[in-house]
Amino acid sequence: MVAAKVIEVIGEQGHRTVRKIRCRIIEGSEEGKILVRNARGPIREDDVVHIKETEMEG
């Protein structure tokens, strides 16, 4: 798992508790990479989340 900082909450995704977020990796070999992921629960900009996988979908 790698830590990432939430840059932007893009919006709701389906069910209310799921939000689409844009985040920047802040540690590891892929530091600085920006990803879009779904996150569950209350989340705001500048929160730090842990991402299991940093590979992009093909």
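**The largest pocket and its surroundings**

Tutor: Let us begin with the lining of the largest pocket, which in this predicted model is formed by Ile21, Arg37, Asn38, Ala39, Val49, His50, Ile51, Lys52 and Glu53. Two elements each give two or more residues to that lining, namely strand 3 (34-40) and strand 4 (48-51).

Student: How many nonpolar, polar and charged residues are in the lining of the largest pocket, and what is the volume of the pocket?

Tutor: When the lining residues are sorted by class, four are nonpolar, two are polar and three are charged. As for the space itself, the largest pocket has a volume of about 170 Å³.

Student: Is arginine 37 buried or exposed, and which residue has its backbone oxygen 3.4 Å from a polar atom of that side chain?

Tutor: Arginine 37, which has its place in strand 3, has a relative accessible area of 17%, and because buried means under 20%, this residue counts as buried. A polar atom of its side chain lies 3.4 Å from a backbone oxygen, and the residue that carries this oxygen is glutamate 53.

Student: How many salt bridges are there, and which residue meets glutamate 8 in one of them?

Tutor: Side chains of opposite charge can pair when their charged atoms come close. By the rule used here, the count comes to three salt bridges. In one of them, with 2.6 Å from N to O, the side chain of glutamate 8 meets that of arginine 22.

Student: Why does the pair of glutamate 8 and arginine 22 tie together parts that are apart in sequence, and how many residues apart are they?

Tutor: Glutamate 8 belongs to strand 1 (residues 2-13), whereas arginine 22 belongs to strand 2 (residues 15-25), so the pair ties together parts of the chain from two strands. Both residues count as partly exposed, since glutamate 8 has a relative accessible area of 31% and arginine 22 has one of 30%. Along the sequence, the parts that they tie together are 14 residues apart.

Student: Which residue forms a salt bridge with glutamate 12, and which one meets lysine 33?

Tutor: Glutamate 12, which is partly exposed at a relative accessible area of 48%, has a salt bridge in which the closest N and O atoms are 3.5 Å apart, and its partner is arginine 19. Lysine 33 is partly exposed at 27% relative accessibility, and its side chain meets another in a salt bridge of 3.2 Å, N to O, the partner being glutamate 30.

Student: Which residue has a side chain joined to that of threonine 54 by a polar contact of 3.0 Å?

Tutor: Threonine 54 lies in the segment after strand 4, and its relative accessible area of 14% makes it buried. Leaving aside neighbours within four places in sequence, threonine 54 is in contact with Val2, Ile25, Glu30, Lys33, Leu35 and Arg37. The polar contact of 3.0 Å joins its side chain to that of glutamate 30.

Student: What is the distance in space between alanine 4 and valine 48, C-alpha to C-alpha?

Tutor: Alanine 4 has its place in strand 1 and is buried, with a relative accessible area of 0%. Leaving aside neighbours within four places in sequence, its contacts include Cys23, Ile25, Val48 and Ile51. Although alanine 4 and valine 48 are 44 residues apart in sequence, their C-alpha atoms are separated in space by 5.5 Å.

Student: Which residues does glycine 41 touch, not counting residues up to four places away in sequence?

Tutor: Glycine 41 is found in the loop between strand 3 and strand 4, and with a relative accessible area of 19% it is buried. Its C-alpha atom is separated by 7.8 Å from that of arginine 19, which is 22 residues apart from it along the chain. With residues up to four places away set aside, glycine 41 touches Thr17 and Arg19.

Key
Residues are numbered from 1 along each chain as its sequence is written. This is a predicted model: local features need pLDDT of at least 70, side-chain atom pairs count only at pLDDT 80 or more; totals for chains, interfaces and linings use all residues. Side-chain values use heavy atoms; hydrogens and water are left out. On a 1 Å grid over the protein atoms alone, a cavity is a set of points where a 1.4 Å probe fits but cannot get out, and a pocket is an open set with protein on both sides within 12 Å along at least five of seven lines; lining residues have an atom within 4 Å of a point. Grid points are joined across faces, edges and corners, and a volume is the space filled by probe spheres set on the points. Helices (H or I, at least four residues) and strands (E, at least two) are DSSP runs, numbered from the N terminus. Ala, Val, Leu, Ile, Met, Phe, Trp, Tyr, Cys and Pro count as nonpolar, Asp, Glu, Lys and Arg as charged, and the others, Gly among them, as polar. Buried means under 20% relative accessible area, exposed over 50%, partly exposed in between (1.4 Å probe, protein chains only). A polar contact is a pair of N or O atoms within 3.5 Å; within protein, one must be able to donate a hydrogen and the other to accept it, and residues adjacent in sequence count only if both atoms are side-chain atoms. A salt bridge is a side-chain nitrogen of Lys or Arg within 4 Å of a carboxyl oxygen of Asp or Glu. Contact means heavy atoms within 4.5 Å.
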